[in-house]
Amino acid sequence: MLIKLSGGTVYDPVHGINGEKRDIYLQDGYITRKPASSIKIDKTYDLNGKIIMAGAIDIHTHIGGGKVNIARMMLPEDHRADLVSKTKLTRSGCGHAAPSTLTAGYRYAEMGYTACFEPAMLPSNARQAHMEMADTPMVDKGAYAMLGSDDFFLRMLTAKKDREAISDYVGWIINATQAIAIKVVNPGGINAFKFNQRKLDLDEQNEHYGVSPREIIKSLARAVRELGVPHPLHLHGCNLGVPGNMHTTLDTIRAVEGMPLHLTHVQFHSYGTEGDRKFSSGAAEIAEAVNSNPNISIDVGQVLFGQTVTASGDTMRQYAGHWHAHPKKWVIMDIECDAGCGVVPFKYRDKNFVNALQWAIGLELFLLINDPWRIFLTTDHPNGAPFTSYPHLIRLLMDRSFRNDMLATINKGAAAASILSSIDREYTLYEIATMTRAAPARSLGLKNRGHLGGGAIADITVYNNIKNKEKMFEKPLYVFKNGEEIVKNGKIVKVVTGGTHTLRPDYDKSIEKSLKKYFDRYMTVKLGNFKIDDDEIVEHGNGNIIVQPCT
Amino acid sequence: MSLKLSLHTKPDVPLEADVICPDKLNGVNETAIAALTVFHGNDQTALGDFFTVKGQCDGEIQLEGDLANVKHLGSEMTIGKMIIEGDVGQHLGACMSGGEIVVEGNAHDWVAPEMTGGKITIKGNAGHLIGSAYRGSPIGMQGGEIIIHGDVKNETGNTMRGGLIAIGGNTGDFTGVNMLAGTIIVLGEMGIRNGASMKRGTIISMHHAPMIPTFSYVCTYNPTYLRMYLSYIRKLGMEVSDEQINGNYKRWIGDAIELNKGEILLYANE
Ligand SMILES: [Zn+2]
């Protein structure tokens, strides 16, 4: 079947196409070059005046794994308030901040997304995470395995194991858990929490293992690079949410000494201590550091106002935050020898000084960081806001007067403390296409996604060109997944399953000898059962495995 | 005249019938009632596919037949009365805030979860989680009365914050677990781990009960207010003796891992 998308205005930053009128041809799930005129075109979409981009990719969204399920179980009110009926095509579901798997998949597709990455998969929870992701239809998935507070790795660091051994362990974890990248959350801090430490700065030592977050970050960043994992170490740094943590973040950028590093939800790590309330924006300094260090990429973790739930592996910081739970309930949980997790529901209020300033800090970061190839659009769903608020966020970035209108409604003190009103920048469609498509695909090493060139997978989103960008991005005209029309006028017209992106880095298999001993002694599952087979992901008819190449 | 709904076809899988509620059926004619949506499993069907509809609801609904597999009857009810001749399924009177439901037979699990007002009487037995919070909710039953003449199973009054639950028979384990306030009276025997994690509230039983280690014995006394409760439920037809009304009770407080302000009163002259 040969399909022609005729006459649309194309934004394809990988090929430098900035709003040019182009025809795009799809065949057998791929984008192809213009066929010979003798070949019959089966279907033509007239897209004159419409905007065409590759399908959007969310590089950091919590859609699977233990913590999301805890959030679901803990928040019946979140489900009651947002019920989704079944239709002829789609199944029922519910939930605003922590939607059910099916609903999450449908909503992503209806917003023009074709791939979503779960950033905090604990190795011992990987099976659960993959089952939930397999149950999330419409989009491709992938997950980052979380290391850095696991006892095996910390023991290796304490024992001063050589870097090859550490790389082998990291490589084994990626293979065993079917991950595509490595995440570290509060490096060593989740483990330190178990030994009653309640804070851990970059150069403070985990008292039990005698290692610091700095050593952990360097060691993992090096292993990730040596294994050829395309995505840099995905770091949720120390001191999340602590006023003054911008200095920790700046020190962290220096700590990796030029190695690639991705700082996630950096909004939560960009706080100063100035002003009467000892809470201020560090966005300008962080943006400057990101701008001048090309090895650094970030995602923002924008806060948007309303009820949500925070779900994180960072037990230390979630425990500190549980006093602010709304509604008043929370879970902090230990997870085997791997790490832990904390789930705290939260309501961001626009009239609250801290929340309003968090909102402004996120936007300042977006607007002060110059290179859209190194900054990704996220709310750290659901931590800053549910992913369904992305269209609103895009409008805030693209529409200065709208942004200033919103700024006028937030807490006055926060508005005054922010430099937001003095920033003129408006994101262009080309920059949005970079930040939500081209850049995440490149960062994750998804070669044939995030662009519209010949040979790319035909994951494509077509928008109506509407001045109100929130309206434009919340309801695409068409979404194509693997060349099939799956969404029309913002509604699902075909249900597909999506695949799971994984990576298979090489490592020395003899690492399993020491791992087996460790598993037999300490873990609740055997080494053999810990590993996840391809069949387990594919078995229920839920898509396929896509192995991405290492660099 | 009142509305009569008779089950003519037994559902194969649970029938979700939250439309059967005086608030929703008052003044609606027979044909319109028969056309209302109910869910048979995941199939959307009409109420008339399962029930014969007779009469019009003027505040009262009578239901007949084996309704053990019919769920959510009287959900979110605020007024009126429902009389159920036989057994009834889960989630009876869920979140109800007013009105009255009488069940002549047995009820399933989840009788009146998160109820805030009104009254439910079950003449037979009932299942687990009577007057409880839904999983994850911070607050269960907040007001109203649940009177069950027979036995019930586990977690009666889970996270309850107000109102009265009276059980004529025995309860299972975890009676009053996580209780925040309110009153549970058990005329029969209670299972184990009663009042675990309770903050405030009162659990009363006419029999000895095993206590968890985080409860401590305070005194044996003769609480005046209890006489009013016991006389009241006797008037409702429950078996309460004069000795119990006038008798002494051992008072335990707990749960010490929480506020330690809950109480369990156990009849001392047993
Ligand atoms: Zn996150």
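This is a working chat about a predicted model with chains A and B and a zinc ion.

Q: How is chain A divided into domains?
A: Into two. Domain 1 of chain A covers 2-53 + 465-492, and domain 2 covers 54-464.

Q: How far apart are the C-alpha centres of those domains?
A: The centres of domain 1 and domain 2 of chain A lie 30 Å apart. The contact takes 43 residues from domain 1 and 42 residues from domain 2.

Q: How much area do the two domains bury between them?
A: About 4,000 Å². Of that, 66% is on carbon and sulfur atoms.

Q: And the polar side of it: how many residue pairs are in polar contact?
A: The count between domain 1 and domain 2 of chain A is 18 residue pairs, both residues at pLDDT 80 or more. On the domain 1 side, H17(A) gives the largest share of the touching residues, five. That side divides into 25 nonpolar, nine polar and nine charged residues.

Q: How many salt bridges are there between the domains?
A: Three salt bridges between domain 1 and domain 2 of chain A. One pair to look at is A:Lys491 with A:Glu110, where the closest N and O atoms are 4.0 Å apart.

Q: Where do A:Glu110 and A:Lys491 sit in the chain?
A: A:Glu110 is in helix H3 (residues 101-110) of chain A, and A:Lys491 is in strand E24 of chain A. The pair links distant parts of the chain, 381 residues apart.

Q: Switching to the metal. Which protein donors does the zinc ion have?
A: A:His60 through NE2, A:His62 through NE2 and A:Asp380 through OD. They lie 2.0 Å from the zinc ion.

Q: What spacing do the donors follow along the chain?
A: H-x1-H-x317-D. A:His62 and A:Asp380 are 318 residues apart, so this pair also links distant parts of the chain. A:His62 is in the loop between strand E6 (56-58) and helix H1 (66-74) of chain A. A:Asp380 is in the loop between strand E20 (375-376) and helix H13 (390-398) of chain A.

Q: What's the peptide bond from A:His381 to A:Pro382, cis or trans?
A: It is cis, with omega near 0 degrees. A:Pro382 is in the loop between E20 and H13 of chain A. A:Asp380 is placed in that loop too.

Q: Which residues does a cis peptide bond join in chain B?
A: One such bond joins B:Gly254 and B:Asp255, with omega about -5 degrees. B:Asp255 is in the loop between strand E16 (249-254) and strand E17 (262-267) of chain B. For background, most peptide bonds are trans.

Q: What about A:Met138, positive or negative phi?
A: Positive, about 75 degrees, although A:Met138 is not a glycine. A:Met138 is in the loop between helix H4 (126-134) and strand E10 (140-147) of chain A.

Q: Now chain B against chain A. How many residues are in contact?
A: Seven residues of chain B with seven residues of chain A. The two chains bury about 480 Å² between them, 43% of it on carbon and sulfur atoms.

Q: Which three residues supply more of chain B's buried area than any other three?
A: B:Asn42, B:Gly136 and B:Pro138. They supply 57% of the area that chain B buries against chain A.

Q: How many salt bridges cross that interface?
A: One. The side chains of A:Arg80 and B:Glu114 meet in a salt bridge at 3.0 Å, N to O. The chain B side divides into two nonpolar, three polar and two charged residues.

Terms used. Residues are numbered from 1 along each chain as its sequence is written. Chains are lettered from A and ligands numbered from 1 in the order in which they are written. This is a predicted model: local features need pLDDT of at least 70, side-chain atom pairs count only at pLDDT 80 or more; totals for chains, interfaces and linings use all residues. Side-chain values use heavy atoms; hydrogens and water are left out. Domain bounds come from an automatic or database domain assignment. Contact means heavy atoms within 4.5 Å. Buried area is the accessible area (1.4 Å probe) that two parts lose on being put together, summed over both. A polar contact is a pair of N or O atoms within 3.5 Å; within protein, one must be able to donate a hydrogen and the other to accept it, and residues adjacent in sequence count only if both atoms are side-chain atoms. Helices (H or I, at least four residues) and strands (E, at least two) are DSSP runs, numbered from the N terminus. Ala, Val, Leu, Ile, Met, Phe, Trp, Tyr, Cys and Pro count as nonpolar, Asp, Glu, Lys and Arg as charged, and the others, Gly among them, as polar. Donors are N, O and S atoms within 2.8 Å of the metal (3.2 Å for Na, K and Ca); water is not among the atoms, so sites may look incomplete.
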